[in-house]
Protein chains: 2
Amino acid sequence: MNNFVLHGNIIYSKNADELNIIENGYAVCQDGISAGIYSVLPGEYAEYEMIDCGNKLIIPGFTDLHVHAPQYAFRSVGMDCELLEWLELHAFPEESKFFDVNYAKKSYSMFVDDMKTGFTTRACIFGTMHTDASIVLMDLLEKSGLKTMVGKVNMNRNSPEYLCEKSAEESLKETERFVHLAAQFKNTKPILTPRFIPSCTDEVMYGLAEIMNKYDLPVQSHLSENPSEIAWVKELCPWSSSYGNAYDTYGLMNSKTIMAHCVHMTEEEMDIMKNKGVFAAHCPESNINIASGISPASRMLHEGIKIGLGSDVSGGTTLSIPRAMILAAQCSKIYWRYIDQKYKPLTLENIFYMATIGGGEFFGKVGSFDEGYEFDALVLDDSTIKTTIDFKLRDRLERTIYLGNKHNIIAKYVAGNKIF
Amino acid sequence: MNNFVLHGNIIYSKNADELNIIENGYAVCQDGISAGIYSVLPGEYAEYEMIDCGNKLIIPGFTDLHVHAPQYAFRSVGMDCELLEWLELHAFPEESKFFDVNYAKKSYSMFVDDMKTGFTTRACIFGTMHTDASIVLMDLLEKSGLKTMVGKVNMNRNSPEYLCEKSAEESLKETERFVHLAAQFKNTKPILTPRFIPSCTDEVMYGLAEIMNKYDLPVQSHLSENPSEIAWVKELCPWSSSYGNAYDTYGLMNSKTIMAHCVHMTEEEMDIMKNKGVFAAHCPESNINIASGISPASRMLHEGIKIGLGSDVSGGTTLSIPRAMILAAQCSKIYWRYIDQKYKPLTLENIFYMATIGGGEFFGKVGSFDEGYEFDALVLDDSTIKTTIDFKLRDRLERTIYLGNKHNIIAKYVAGNKIF
């Protein structure tokens with residue numbers, strides 16, 4: 001049995017707008033599940049291993065709802081491009097290398113090592129169109145101890161010849177082969193991953209919806225990221241009333257779906273997201289790096305659309321979810337200043353919620369220390385972030401988010417298992 | 001004589017839009033001044049000490065045109081505030097502690113240590129209103145070897161009682177005392193520093209212009225950062241046609257003046273900046289953290305307004321000028337997307353120019369390796385930024401800006417002196 005107690009300063013979300021802050025408290029893990037947070041440890045847990053974290057911070061792990069593993073090697077290169085140019089010049093050429101499983105192993109090892117040692121405990125990850133390379137990625141992730149979902153990408157049109165599936169049949173057949181191969185893993189699960197509508201014919205989309213229903217699988221894709229992309233989808237799907245409506249028509253919008261970006265959203269798209277319980281993966285760094293725009297994240301959060309954060313490497317340059325949190329707050333301030341003052345900028349409480357429960361919910365009861373949640377935790381030592389001031393715990397959390405890096409993480413747990 | 005040669009991959013700005021990239025070249029330092037860049041080392045320098053930097057990158061040092069040293073201790077705390085609330089809750093209470101020179105020494109030591117080990121070779125720095133503490137800061141900076149300018153702050157109105165000079169006379173008298181005390185230093189020089197118009201009476205402003213002329217001193221202040229602040233200046237200076245016009249009327253706008261922020265600029269203000277040769281300190285992180293807005297930096301750069309970058313700690317959270325460069329590019333993309341598509345987003349070349357020559361010019365011939373420039377250099381080891389790709393030098397520079405940190409700096413020179 002995986003039973004233990006972390007003793008230290010515990011911070012987690014009460015709700016999207018408030019934090020629970022327990023100074024010098026006890027977080028109890030019972031067989032990988034939280035048995036609650038206590039100021040005084042109940043006698044029934046007295047026999048559990050007690051791990052003294054001293055004055056350090058104990059928080060839930062972070063979820064990365066959107067990241068492209070094969071793009072990790074060229075992160076931060078090509079930042080002067082817009083989306084479609086960036087795909088052509090950088091993303092597609094690099095992804096084409098993953099037909100070679102040896103290259104995949106080399107590149108994915110680097111990605112998994114960095115994710116393992118960072119703030120992320122859960123992630124939903126794009127591979128490439130290559131089934132075997134995607135299984136290599138899952139194998140590495142399985143061993144990391146992180147809990148993840150991985151998608152073999154579908155793309156059978158409007159893609160360079162060197163990175164395009166030959167037919168809808170092949171695309172769907174490879175998807176099923178991927179799903180069967182992925183069954184060997186425990187920590188990492190398959191997720192259906194049509195790249196985005198411009199890359200997938202209707203036949204692939206409808207076929208994926210069938211596979212989704214047949215195997216009860218989740219889905220991830222991109223929605224309304226960039227104006228040129230949106231205009232293109234309008235041309236490709238003249239029968240749809242919006243980009244989001246097209247996905248919905250294919251049957252792919254439901255409570256086990258993640259749509260990344262959601263930047264230029266119509267009211268209809270907002271309604272679909274809300275009514276179908278679709279998760280938005282807010283990727284602020286990517287959205288500003290490739291000049292897409294700013295997502296109405298504060299509105300989505302406060303109007304009941306499920307929303308978490310994505311690093312979107314390598315539209316984003318780093319796997320750091322703290323960086324995504326900071327940029328989410330910063331972008332929301334610009335949104336408030338220039339676009340719409342109806343929704344207040346995102347607060348520290350908001351971005352913390354999005355990084356923990358907001359994205360974690362896609363994995364079930366994840367992202368909180370409330371009783372019954374899977375026990376994902378980070379123990380943070382902020383003593384290296386120099387100051388002359390004796391800060392309160394909320395301020396220490398804010399400083400660690402803004403100024404910390406992976407070297408401030410001294411222990412990491414996923415579902416009660418110690419990763420390091 | 002301080003004569004040596006750095007041998008490695010040299011990158012510096014040709015102009016605001018282009019880089020000089022010399023693979024495996026030679027950068028010659030002759031008595032602290034660049035004697036030029038060579039692909040083959042001329043015989044006349046054969047006797048100079050040769051420092052082999054291998055495959056590393058050699059670039060000019062970065063200038064931080066705007067930073068508040070006393071705010072360093074609380075950087076990244078209070079990020080949910082706007083400017084005026086943030087000043088009241090965070091900046092003013094912390095700055096009031098600097099009446100105590102012992103506290104000043106403790107806090108400023110931390111600031112100077114971190115600036116010394118970072119990317120910054122030159123900086124224009126705000127102290128507090130306290131003359132003696134500001135001299136403590138200069139003493140620490142003098143010993144660091146960095147080249148800096150430091151201002152004792154003037155503030156004699158609209159400030160909390162615990163942080164407000166008692167009269168214009170006292171403010172001006174202390175300023176002259178500061179200027180005299182500062183004469184002892186070689187690497188660090190005094191700069192006149194009215195906090196901003198709301199904090200300074202007309203008498204102080206006109207008096208500072210006299211001191212400026214008497215001692216031939218530079219000036220730094222804040223301009224048009226936040227809409228509430230601008231409205232307040234309009235009330236305080238009903239005789240002025242704009243915030244910038246008010247500074248100009250006081251006689252403080254000239255080619256030795258830095259105005260920080262320049263976010264919400266009128267056409268008249270743009271004209272004053274351009275015609276008087278005033279430097280803009282673009283502080284993108286601060287501008288988004290405290291929800292001020294986005295400066296028209298690309299327009300200023302391309303219309304011939306002098307412009308460099310500022311960390312603006314602690315409206316900004318970090319002394320990292322690379323972070324300011326990244327955010328300058330990111331903000332310019334949002335500006336282009338939502339505010340004005342007339343000016344293209346800032347490129348890597350643009351932000352590199354702003355960080356080197358753009359700000360360096362305030363210190364004279366600084367920020368380039370062209371012959372005659374002071375020899376400020378950083379040697380960067382990017383081999384720790386993992387990848388599987390063999391990148392060209394421009395891409396390696398981009399990666400190091402986006403992903404590097406101070407640990408990637410393996411040597412730093414200011415005017416030919418080795419800092420580490």
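Biologist: Before we look at the sheet, what makes two strands pair?

Modeller: Two strands pair if DSSP finds at least two bridges between them. Helices (H or I, at least four residues) and strands (E, at least two) are DSSP runs, numbered from the N terminus. Keep in mind that this is a predicted model, where local features need pLDDT of at least 70, side-chain atom pairs count only at pLDDT 80 or more, and totals for chains, interfaces and linings use all residues. Residues are numbered from 1 along each chain as its sequence is written, chains are lettered from A and ligands numbered from 1 in the order in which they are written, and side-chain values use heavy atoms, with hydrogens and water left out.

Biologist: Thanks! In what order do the strands of the open sheet in chain B come?

Modeller: The order is E11-E12-E13-E14 in chain B, four strands with parallel pairing. At the edges are strand E11 (219-223) and strand E14 (306-309) of chain B, each pairing on one side only.

Biologist: And how many bridges join E13 and E14 of chain B?

Modeller: Four bridges, in the parallel sense, and strand E13 covers residues 279-282 of chain B. Phe279(B) stands opposite Lys306(B) in E14(B).

Biologist: Which helix packs on that sheet?

Modeller: Helix H12 (residues 348-360) of chain B, which touches E13 and E14 of chain B. Contact here means heavy atoms within 4.5 Å. The direction of H12 makes about 105° with that of E14(B); axes are lines fitted to C-alpha atoms, for helices over the stretch in contact, and angles run from 0 to 180 degrees between N-to-C directions.

Biologist: New topic: how is chain B laid on chain A?

Modeller: By a turn of 180° and a shift of 0.0 Å along the axis, with an RMSD of 0.0 Å. The two copies are thus related as by a two-fold rotation axis. Copies are superposed by least squares on the C-alpha atoms of residues with pLDDT of at least 70 in both.

Biologist: Which residue of chain B comes closest to the rotation axis?

Modeller: Tyr338(B), at 4.0 Å by its C-alpha.
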